[in-house]
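The stops below are given in the order to select them.

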Amino acid sequence: MKAAAKSSSSNRQEPAALSVAILGGGIAGLSCASHLLNSRSGRSVRITLFDTGRLRPGGRCASRLTGDEPADVKNCSSGSGPVEVRRGCDDQNEVNGESDGDSSDASEYGNIARILRQGATSTSPSRDRIIQMGPVDHAAQILSIPNNIMPSLTNADSSIDTTCCFQDQIQKWLEDGVIVPYPDSSVCELIANDKSAAVGDDGAATNAVLLPIQGDMYYGKGGMASIPLAMRDYCQSRGNNSQDNVNINGHSFQIHQDVWVSPSNGVKYIGNNNHHGNTNTAERNNDEPRWELRAGSKSLGKYQYLIIAHNGKCADRIMSKTPARNFHSLLRTKFAPSIPQWGGQEMTLNSIYSLVFAVKSQGSDGSVIASALKRLQPKNDHNDISPDVYTVMIRNEPNLRLLSSNSLKHHHVQNASSSANYEVYTLLSSATFGKRYKGPQENLPLDLMETVTIKMLQSLENALGMDEQGAIIDNVVDLKLQLWGAAVPLNTWTSTRKNSGVVDGFVYDAKYNVGACGDWILDSSIAGAWESGRRLAGWMTQTDGVSRHSVGLPSIFSDGNESGADSGGAGGKFVPSRAALESGIGTIPPTPNSGYEFPARSNDDGRLYKSPGRGGGESLGRSGGNRSRGGQGGGRNEGRNNNVGRGGRRSYSTGAGRSSSQTVAR
């Protein structure tokens with residue numbers, strides 16, 4: 001008997017490993033990967049992550065680090081700019097460099113034009129001058145914990161874990177030296193001074209003032225890229241403990257950099273499409289590959305599960321030819337500096353310019369920027385020494401949103417006895433400015449770059465109250481400008497569990513084994529992306545090994561029943577991310593001076609609303625209009641519009657009728 005039992009046990013087959021492809025190596029994709037690898041479902045996972053980053057993963061947490069090799073750029077002999085480098089997901093009007101901006105000021109500053117032209121030459125040593133001094137963050141700048149991903153007081157649906165693990169992750173990163181807290185009063189907001197006779201520290205009249213922003217805020221030690229790099233290293237430690245990249249638990253993890261999955265035919269569904277929406281795990285074979293990925297003519301493998309962990313036009317086009325139409329409907333993307341007050345019909349991303357530049361430092365007083373910031377700080381009655389200002393939220397200049405000192409954050413080496421010291425700053429534009437001067441993201445013409453650079457620096461001079469025109473521009477010794485085309489989600493897709501009110505925080509289509517996670521689903525922040533990836537991984541690795549039904553899909557679609565009937569949820573809608581709209585760059589703790597006014601025509605298309613006001617309130621709506629955007633629900637009622645919209649599909653819209661003001665953090 002014992003021998004028979006032993007034989008039976010030895011012949012028992014372990015469940016096959018889950019093969020998962022993740023597209024996107026930002027915080028959401030890496031979080032999903034790390035939590036899949038850390039699951040206790042008893043089933044091994046084999047993860048392959050594809051990222052478009054040339055050097056390392058990171059997404060919006062990108063940094064330029066000392067020693068980075070510049071990308072090869074070939075130039076036109078006419079000096080008009082680099083030759084076209086077009087991605088498959090670029091729009092034609094962007095490739096043509098259309099912009100309604102002007103270049104009237106560009107020719108006045110020869111140093112800017114000279115630096116830009118030198119930077120466009122692949123052999124120029126000046127292209128590396130900025131990062132020779134230390135790490136540079138050119139995208140996300142601040143990490144904080146938004147209120148709306150804090151743990152729920154009640155959770156009627158225990159299948160979705162809403163515990164706020166991100167607080168624990170913050171503590172772990174602090175202990176490991178991955179992140180460091182911003183010093184007290186080092187993050188400020190620059191606002192217009194309402195006192196006409198205000199006086200700064202130097203006794204001069206000022207028209208602006210710096211006020212500290214309160215709240216816990218962090219940044220990556222040695223660059224924001226330290227956060228995704230730590231996440232990558234964790235995934236590799238969990239999945240790669242032997243020569244064949246498979247650890248003792250059967251987990252494996254591989255990451256491929258600088259890989260562009262073809263937007264036209266790079267994702268192909270190869271699973272059985274004849275189960276008529278049946279998601280009963282007993283009647284489906286989830287061990288069969290469902291998806292095949294390709295980069296051009298090269299196959300990237302076949303996988304049971306596909307995770308979309310990025311957004312924008314590429315994610316939209318990658319999924320556009322698959323049968324998962326309900327899932328794909330949420331990936332459609334609009335680019336705009338604002339959204340309607342009711343949240344909009346589709347994901348909306350803003351576009352902003354990121355300008356990294358180095359200025360001369362003038363001895364112990366620092367640069368003209370450092371001197372101006374010190375002058376704008378209010379006097380401290382208890383301490384004559386004002387704290388260093390690391391990061392500034394700019395609220396008194398419509399063209400700009402943020403200024404951050406890479407030299408202070410990352411301790412760039414300065415030689416006190418040298419006259420050739422530099423300070424390196426990152427300057428982020430407003431979304432309105434980004435739209436006005438938008439060009440081809442991968443191929444900005446030099447004349448447009450010159451115009452944008454000068455106007456941003458002139459706007460900074462104006463925000464800091466500098467009387468001398470060109471005070472900053474004349475001291476610029478190097479710069480790098482880039483258009484952050486898919487910058488910050490201005491709205492988030494929000495769906496809830498039936499009878500619980502718990503926000504899902506991810507999207508999953510059980511019919512096709514495809515899911516999505518990211519800051520556009522839960523919260524427009526680093527924390528939101530991390531938590532979204534965690535929740536999706538938790539859903540995929542429940543104790544039964546396979547997710548039971550779809551989550552977060554629209555409940556109304558063209559066929560009336562594509563995965564929606566068994567979604568187990570109450571539908572969803574896009575809601576405004578008020579904090580992202582206020583800051584323009586993502587989440588920071590709220591202040592009394594933060595605010596956002598929706599565009600005057602944001603309530604058009606026949607809808608009637610009551611203003612939600614600050615912090616929340618009822619909104620009443622009715623469906624209408626001939627563009628079939630759907631009606632906004634009032635209170636607990638849901639609005640629905642059955643008019644046929646784009647592509648002959650019926651539009652959907654549900655509304656809980658409440659708008660809440662919540663923190664958003666990046």
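This is a predicted model: local features need pLDDT of at least 70, side-chain atom pairs count only at pLDDT 80 or more; totals for chains, interfaces and linings use all residues.

Residues are numbered from 1 along each chain as its sequence is written, and side-chain values use heavy atoms, with hydrogens and water left out.

Stop 1: Select residues 267–269, which form strand 10, and 298–303, which form strand 12. Strands here are DSSP runs of E with at least two residues, and helices are runs of H or I with at least four, both numbered from the N terminus. These two are the edge strands of an open sheet of 3 strands, ordered 10-11-12 with antiparallel pairing. Pairing requires at least two bridges found by DSSP between two strands.

**Stop 2: His411.** Move to the loop between helix 11 (406–409) and strand 19 (422–429), where His411 sits. His411 is not a glycine, yet its phi is positive, about 55°. Most residues other than glycine have a negative phi. His411 counts as exposed, at 62% relative accessibility (exposed is over 50% relative accessible area, buried under 20%, partly exposed in between, with a 1.4 Å probe and protein chains only).

**Stop 3: Asn513.** Select the loop between strand 22 (507–509) and strand 23 (514–516) to find Asn513. Asn513, also not a glycine, has a positive phi of about 55°. Is Asn513 buried or exposed? Asn513 is buried, with a relative accessible area of 1%.
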